[in-house]
Amino acid sequence: MRIGELAALVGVSTRAVRHYHHLGLLPEPARRANGYREYGLPDAVALARLRRLAELGLGLDEVRDVLADDSGRELAEVLAELDADLARQEEEIRSRRVRLAALRRQAEEHGGLPAEGPVSDELAAVFGEMARTSAARPGPEPVMAAREREVLALLESTGQEAGRRRLADLLGQLTAEPGAMERMYEVYGLLDALAEAAPDDPRVARTAQALADCVPDAVAAELAVPGREAAAAEGGFLAAVHAQFTPAQAAAVREAIQLITERAG
């Protein structure tokens with residue numbers, strides 16, 4: 001048989017046959033006087049076994065190990081490892097499908113997925129309320145609102161499970177009161193208006209008070225951690241967040257935190 005006939009008989013491509021030759025998985029047959037390879041029945045049997053092993057999902061290095069063990073013990077061992085690996089893949093696929101189902105449900109319930117997603121159901125609900133609140137207001141959404149969503153999505157994705165539950169609980173308390181999200185959007189607008197202002201602008205104090213007023217007493221007690229501002233000044237995540245503010249915005253946020261801390265104390 002010529003190489004094309006062998007490949008057609010076993011159901012592989014001639015390129016695969018040449019690749020197996022190159023890797024040493026399939027011995028090259030003797031050549032005729034005209035230079036063409038001449039394949040026989042043993043070559044077809046060997047190639048068919050190669051194909052069956054590859055169809056099981058074995059890598060070519062694993063196939064080489066199997067072919068090197070005439071007793072067949074290596075095949076049983078490799079197949080057991082392959083089965084265990086497939087079981088792990090099945091579990092990963094099931095977990096991914098559960099997550100995908102949750103994301104599809106979010107998309108149906110909230111009219112699409114947020115640009116900052118994928119996020120948890122709890123955060124998706126908050127983002128959905130933000131989208132509805134923004135749509136009910138005139139003009140474009142405040143820049144600070146979009147920035148807040150980015151920070152919340154980052155916090156959720158980088159935190160441990162306990163931290164994610166605490167974040168969800170705090171957000172639930174922040175948005176529980178009627179009109180809470182509308183008041184927060186007023187604050188977002190006030191912060192946007194400070195983008196070009198000086199830190200001593202009179203609007204800084206008004207914005208800080210409005211921001212502090214959006215935080216319920218129970219949440220204020222959670223947020224009023226001694227040394228929080230010092231930690232932000234030293235570096236880390238809080239410092240990175242504060243660096244996104246203009247000087248006037250940063251002044252308003254610092255003053256709001258001070259008001260919240262004093263109220264909680």
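Visitor: Why is Glu55 called exposed?

Guide: In this predicted model, Glu55 has a relative accessible area of 57%. The class of exposed residues begins over 50%, so Glu55 is counted as exposed.

Visitor: What makes Arg51 partly exposed?

Guide: The relative accessible area of Arg51 is 29%. Buried requires a value under 20% and exposed a value over 50%; Arg51 therefore counts as partly exposed.

Visitor: How do you know that the side chains of Arg51 and Glu55 meet in a salt bridge?

Guide: The N to O distance for Arg51 and Glu55 is 3.4 Å. The cut-off is a side-chain nitrogen of Lys or Arg within 4 Å of a carboxyl oxygen of Asp or Glu, so the pair qualifies. Side chains of opposite charge can pair when their charged atoms come close.

Visitor: Where do Arg51 and Glu55 lie, and how many residues apart?

Guide: Both Arg51 and Glu55 belong to helix 3 (residues 41–55), where they are four residues apart, about one turn of the helix.

Visitor: What makes the contact of Asp201 with Arg203 a salt bridge?

Guide: The closest N and O atoms of Asp201 and Arg203 are 3.1 Å apart. Since the limit is 4 Å, the pair is a salt bridge.

Visitor: Is Asp201 buried or exposed, and why?

Guide: Asp201 has a relative accessible area of 18%. Buried means under 20%, so Asp201 is buried.

Visitor: Which exposure classes apply to Asp217 and Arg263, and why?

Guide: Asp217 has 54% relative accessibility and counts as exposed, because the threshold is over 50%. Arg263 has a relative accessible area of 35% and is partly exposed.

Visitor: How many salt bridges does the whole structure hold, and which residues are linked in a network?

Guide: The search of the whole structure finds 12 salt bridges. Glu28, Arg31 and Arg37 are linked in a network of such bridges.

Visitor: How many aromatic pairs are there?

Guide: The count is one aromatic pair. Tyr185 and Tyr188 form this pair, with ring centres 5.1 Å apart and 85 degrees between the planes.

Visitor: What makes Tyr185 and Tyr188 buried?

Guide: Tyr185 has a relative accessible area of 0%, and Tyr188 has 3%. Buried means under 20%, so Tyr185 is buried, and so is Tyr188.

Visitor: What places the charged end of Arg2 over the ring of Tyr36?

Guide: The charged end of Arg2 sits 3.9 Å from the centre of the Tyr36 ring, and the distance condition is within 6 Å.

Visitor: How many helices and strands does the protein chain have?

Guide: The protein chain has 14 helices and zero strands. Buried residues make up 31% of its 265 residues.

Key. Residues numbered from 1 in each chain as written. Predicted model: local features only at pLDDT ≥ 70, side-chain atom pairs only at ≥ 80, totals over all residues. Heavy atoms only, no water. Helix = DSSP H or I, 4+ residues; strand = E, 2+ residues; numbered from the N terminus. Buried < 20%, exposed > 50% of the residue type's maximum accessible area, 1.4 Å probe, protein only. Phe/Tyr/Trp six-rings, centres within 6.5 Å; stacked < 30°, edge-to-face > 60°. Lys NZ or Arg CZ within 6 Å of the ring centre and 35° of its normal.
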